[in-house]
Amino acid sequence: MLVKLMFLLSLLSVMVFSFILKQGVTALLVSAIFIGLAGIFMKTKPTNKDSS
């Protein structure tokens, strides 16, 4: 009984960890895409203040 409970707890923690990891990876990808798009937009957009 105790071993089964420990196994279920470890399984649950692994599932939660993988879920958080997956969410973190997707969030990282989305933020990277947004940063890239913003960078491209700022580069192509003509600005009067900063002309690099």
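One helix and zero strands: that's the secondary structure of the protein chain in this predicted model. The helix, α1, spans residues 2-44. From first C-alpha to last, α1 reaches 62 Å, close to the 63 Å expected for its 43 residues at 1.5 Å a residue.

How much of the chain is buried? Buried residues come to 0% of the 52 residues.

| Surface | Accessible area |
|---|---|
| Protein chain | about 5,300 Å² |
| Nonpolar patch | about 610 Å² |

Carbon and sulfur atoms hold 79% of the chain's accessible surface. The nonpolar patch is made up of Phe17, Leu21, Val25, Leu29, Ile33 and Leu37. On spacing, an α-helix has 3.6 residues a turn, so residues three or four places apart point the same way.

Take Ile33, one of the patch residues, which sits in α1. Ile33 counts as exposed because its relative accessible area is 51%, and the cut-off for exposed is over 50%.

Terms used
Residues numbered from 1 in each chain as written. Predicted model: local features only at pLDDT ≥ 70, side-chain atom pairs only at ≥ 80, totals over all residues. Heavy atoms only, no water. Helix = DSSP H or I, 4+ residues; strand = E, 2+ residues; numbered from the N terminus. Buried < 20%, exposed > 50% of the residue type's maximum accessible area, 1.4 Å probe, protein only. Areas by Shrake-Rupley, 256 points an atom, 1.4 Å probe, with all protein chains shown as cover. Patch = residues over 30% accessible without salt bridge, like charges linked within 9 Å, V, L, I, M, F, W, Y side chains within 5 Å. Salt bridge = Lys/Arg side-chain N within 4 Å of Asp/Glu carboxyl O. Expected span 1.5 Å × (residues − 1).
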